[in-house]
Amino acid sequence: MKKFLTALFIFTITTANAFAVDMSAEINQATEKILPQVVEWRRHLHQYPELGNREFKTAEYIEKNLRRLGIEVRTKVAKTGVVGVLKGDLPGAVIGLRADMDGLPVSERVNIPFASKEKTEYNGQQVGVMHACGHDSHVAMLLGTAEVLSKMKSKLRGTVVFIFQPAEEGAPAGEEGGAALMVKEGVMDNPKIDAIFGIHINAQTEIGKIKYKSGSFMAAADWFTIKVKGKQTHGSTPWTGVDPIAVSSQIINGLQMIVSRQSELTKAPVVITIGKINGGVRENIIPEEMTMAGTIRTLDDAMQKDVHERVKNTAQKIAESMGATAEVSIDTKTLVTYNTPELVNQMLPSLEKAIGKENVYATEWTTGAEDFSYYRLKAPAFFFNVGGMPKGKNVKDAAPHHTPDFFIDDSRLDVGIKAFCNIVFDYQPTAKTARISDDKILTEILSEQIPVENYFPAQFFDAPFQPFILKGVFAL
Ligand SMILES: [Zn+2]
Ligand SMILES: [Zn+2]
């Protein structure tokens, strides 16, 4: 470990000095020039959206454009993912830039000439498909970034890995997918990415703006199911059975007590929502079983673990007290999207330079979730929002993401490109902004051979680095 750290510091010292050149003017000029093309890409992708793990045409479109730029391309990564690798002519760090590619099972209602008319089957249902989260704009902005950077190759220090990731919104039932699968398939390792960056367009943030948050930014999302088993009986004589509907209603109240009475809400928010409840067939039959399903949102790793325990305990003990049983299963969909504070501090001037200091502002954390969170298992990460709401529009009138009226003003897609390109030229690997991890351990974690509690055992790292490793970069 000592040897490794020494090597890292030498690397840091030798590379850090060489980053003084401000490339923002050149980047901005090159970006403005290709903006109409980027808008065209975005509109094409918008018109032909595809669901997660089914982004076949989208992948082809991306591949074609990357190859045109002479960028080395890998396809079929994590099913339909595309990875482009651009090596600069000068030596330096490896930077990952990520865009997600998938649309959603939503029928578009927006009146634009390039509105989606696509339809497909989803979970046995005929559905419309729409880029109702703006991932079309992410792909277009990352392609634009690849275009600008490939033309500046002779001045480019190090390597840029363009990660086009499928299934951010979740893989179809029974399939693996998304960022977790990308990481598992080695996208962060070949070549070894030192730091990774991602953007998300936001329909409630005005165009031309960037908002960010250091530390925990977006929530960990867990999906859970609670199966309550009672004893079936006649609706007129409840005392002869065990009513799982009555038990379930107590459990629902009990779960809200976890939020309001047991979670340290001044530290970080917690949300527990039951989104689905099924059971019973008719008015005068008390059924045998009820099933509830919902989601948990947390913004702190330790609180996430604590809430899991409490959900299980609350459901099981309430059921038990009424003579029923409760079976709880929790499925973690995303981790906390954690922005490495040192990386945020280092890159903030680049964002301000890219679009003007007055257009970059800190925001609150959100209870929405992102599978970008998985990349931080491997390297320091920074994920931020780019505005997509038309200027002057009232936030209350802007349709939320995932709805048929979701709308993005694509006139300022240059913001994402300028931000990415400035980051690439300004990034400096230091002990706290570059990757220092043991891949063997991470591989084991990802294949679940190591239980969550044993992540990064204390003896693994030298003492001075423990707090950093545990809190800052790799902690779950
Ligand atoms: Zn979404
Ligand atoms: Zn999204």
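Predicted model: local features only at pLDDT ≥ 70, side-chain atom pairs only at ≥ 80, totals over all residues.
Which spacing do the donors of the zinc ion (ligand 2) follow along the chain? The donors follow the spacing C-x1-H-x64-H.

**The chain as a whole**

- The protein chain contains eleven helices and 18 strands.
- Of its 476 residues, 55% are buried.
- Among the contacts in the protein chain with a separation of 6 or more, 82% are between residues 24 or more positions apart.
- The chain exposes about 20,800 Å², and carbon and sulfur atoms supply 52% of that area.

**The zinc site**

- Three protein residues provide the donors of the zinc ion (ligand 2): C133 through SG, H135 through NE2 and H200 through NE2.
- These donor atoms lie 2.1 to 2.4 Å from the ion.
- The pair H135 and H200 links distant parts of the chain, 65 residues apart.
- H135 belongs to helix 4 (residues 135-151), whereas H200 belongs to strand 7 (residues 195-206).
- Both of these histidines, H135 and H200, are buried.

- N202 counts as buried because its relative accessibility is 13%, and the cut-off for a buried residue is under 20%.
- The side chain of N202 reaches the backbone nitrogen of Q204 at 2.8 Å.
- Leaving aside residues up to four places away in sequence, N202 touches K211, N385, V386, G387, G388, M389 and H401.

- Eight strands form an open sheet in the order 1-2-6-3-7-18-8-16, and their pairing is mixed.
- At the edges are strand 1 (72-77) and strand 16 (360-362), each of which pairs on one side only.
- From one strand to the next, the twist averages 25 degrees.
- Strand 1 and strand 2 (residues 81-87) run antiparallel and are joined by four bridges.
- V73 stands opposite G84, a residue in strand 2.
- Helix 3 (residues 56-68) lies across strand 1, strand 2 and strand 6 (157-165).
- The angle of helix 3 to strand 2 is about 10 degrees.

Conventions:
Residues numbered from 1 in each chain as written. Chains lettered and ligands numbered in written order. Heavy atoms only, no water. Donors = N, O, S within 2.8 Å, 3.2 Å for Na, K, Ca; no water. Helix = DSSP H or I, 4+ residues; strand = E, 2+ residues; numbered from the N terminus. Buried < 20%, exposed > 50% of the residue type's maximum accessible area, 1.4 Å probe, protein only. Polar contact = N/O pair within 3.5 Å; in protein donor to acceptor, adjacent residues only side chain to side chain. Contact = heavy atoms within 4.5 Å. Areas by Shrake-Rupley, 256 points an atom, 1.4 Å probe, with all protein chains shown as cover. Pairing = 2+ DSSP bridges. Axes fitted to C-alpha atoms, helices over the stretch in contact; angles between N-to-C directions.
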